[in-house]
Amino acid sequence: MAQSKPPIDDAALGAARALIVDSEVIDLHLDSFIWTRIFGYRLDKRHGRGLLGGRFYSQTDFPRALEAGLTGGTWIITTNPVRPRRNRRDTFWKNLANIEAILEAAPKLQLVRNVAEYNRARAEGKHGAFLGIQGGNALDVDLSELERLDERILRITLVHLTNSRLGATSAPLGQRFPVRGGGSDGLTDLGRDYVRACNANKIFVDLAHISRKGFFDAVAVHDQSQPLLVTHTGIAGVYEHWRNVTDAQLRAVADTGGVVGVMFQKSFLGARDVDVFTIVDHLAHIVDVIGEDHAALGSDYDGAIVPPDDMATLADLPRLVAAMRTRFSDRCVQKILGENALRVIRELRG
């Protein structure tokens, strides 16, 4: 149940900023690179809110991530589903080289593959940048290419907004795309093999966006010794929506020791009066159902989302932390901000 909303005054914001400075702060899903690909959005330049006032894009960039105290994050390469299969694969490798070059040129960011590398980056005063793929169909031609990644990709969101050869999406419009190879409302045999290949190569299987049947199909073949992720989602126990995960799905992730990141798209969080406290409602439901060791942040900033007005950009992070402190202990807040994410990365990768 939603709680009352105390005012967030200057003192609360000051205390929130102080807690951020003392914390590891990880965002599991940052989609800004998609705008670099579409119209040359400079990740290394500090932007304002853009032409749309912080809607859809211009919600973060490297300078604002550093200013907000984001010590790490997963920067995403999103797959275009309408490209031919081999063209998707070739485009992915070009995009990977491009974002690696951008990170190499950024003085305060460091591409990292595990917590040991993240800690070294932190010791040098740098943001630890993990990389992820959204849409496993970027590499569905030859699963041996997952080994070629050499752990540069932390996690792969199996299915995005359309059905694919791997399985079915939760998105109603995307279900119009065919699922080839069986599994019309879940995972295909190729999708099951893909999960196994991710496990073999220590790549996190991310079950955001997938259909509920596909979710449990993946759980059934997933190596239970490895933690699962749902990096950016809403919670159906707070607001029922096709994009949101149920309590049963939460428990399946927790059973592997994994984490669930709450995202900031207004329409997935609630029907009306959505603000930072609504985000906290979703986090609190995770904590209530599976415990404070399994909740995280996965904003989906710049992923064509419309966030709450008081969380329009990453610069508003202190407001979210202040709202979190009205519901959780500071220790719990620190776990949600980044410690839970780092724990599961350490368990998989070291």
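The exercises below, each with a worked solution, concern a predicted model.

**Exercise 1. Classify the ring pair Phe 39 and Tyr 57, and state where its members lie.**

Solution. 
1. A pair of aromatic rings is described by the distance of the centres and the angle of the planes.
2. A search of the whole structure finds 11 aromatic pairs. In the pair of Phe 39 and Tyr 57, the centres are 5.7 Å apart and the planes make 90 degrees.
3. Centres within 6.5 Å qualify as a pair, and planes over 60 degrees apart count as edge-to-face. The pair Phe 39 and Tyr 57 is therefore edge-to-face.
4. Phe 39 belongs to helix α2 (residues 33–39), while Tyr 57 is in the loop between α2 and α3 (62–68); the two are 18 residues apart.

**Exercise 2. Is Tyr 57 buried or exposed, and which ring pair does Tyr 57 form with Tyr 41?**

Solution. 
1. Buried means under 20% relative accessible area. Tyr 57 has 12%, so Tyr 57 is buried.
2. For Tyr 41 and Tyr 57, the ring centres are 6.4 Å apart with planes at 75 degrees, so this pair is edge-to-face.
3. Both tyrosines lie in the loop between α2 and α3, so the pair ties together parts 16 residues apart in sequence.
4. Tyr 41 is buried, at 4%, whereas Phe 39 is partly exposed, at 44%.
5. Phe 39, Tyr 41 and Tyr 57 form one aromatic cluster together with Trp 35.

**Exercise 3. Describe the surroundings of Ala 252.**

Solution. 
1. Ala 252 is part of helix α9 (residues 247–255).
2. The relative accessible area of Ala 252 is 10%, so the residue is buried.
3. Beyond neighbours within four places in sequence, Ala 252 contacts Phe 215, Phe 216, Val 219 and Leu 228.
4. Gln 224 is 28 residues from Ala 252 in sequence, with a C-alpha to C-alpha distance of 10.0 Å.

**Exercise 4. Which residues touch the most other members of the largest nonpolar core?**

Solution. 
1. In soluble globular proteins, nonpolar side chains tend to be buried together.
2. The largest nonpolar core has 92 residues; Phe 92, Leu 158, Leu 207, Leu 320 and Phe 328 touch the most other members.
3. Helix α11 (residues 276–290) gives the most to this core, with 9 residues.
4. Another core, of 17 residues, lies apart from the largest one and includes Val 112, Leu 154, Leu 342 and Leu 348.

**Exercise 5. Over which ring does the charged end of Arg 148 sit?**

Solution. 
1. The ring is that of Trp 93, and the charged end of Arg 148 is 3.7 Å from its centre.

Key:
Residues numbered from 1 in each chain as written. Predicted model: local features only at pLDDT ≥ 70, side-chain atom pairs only at ≥ 80, totals over all residues. Heavy atoms only, no water. Helix = DSSP H or I, 4+ residues; strand = E, 2+ residues; numbered from the N terminus. Buried < 20%, exposed > 50% of the residue type's maximum accessible area, 1.4 Å probe, protein only. Contact = heavy atoms within 4.5 Å. Phe/Tyr/Trp six-rings, centres within 6.5 Å; stacked < 30°, edge-to-face > 60°. Lys NZ or Arg CZ within 6 Å of the ring centre and 35° of its normal. Core = buried A, V, L, I, M, F, W, Y, C linked by side-chain atoms within 4.5 Å.
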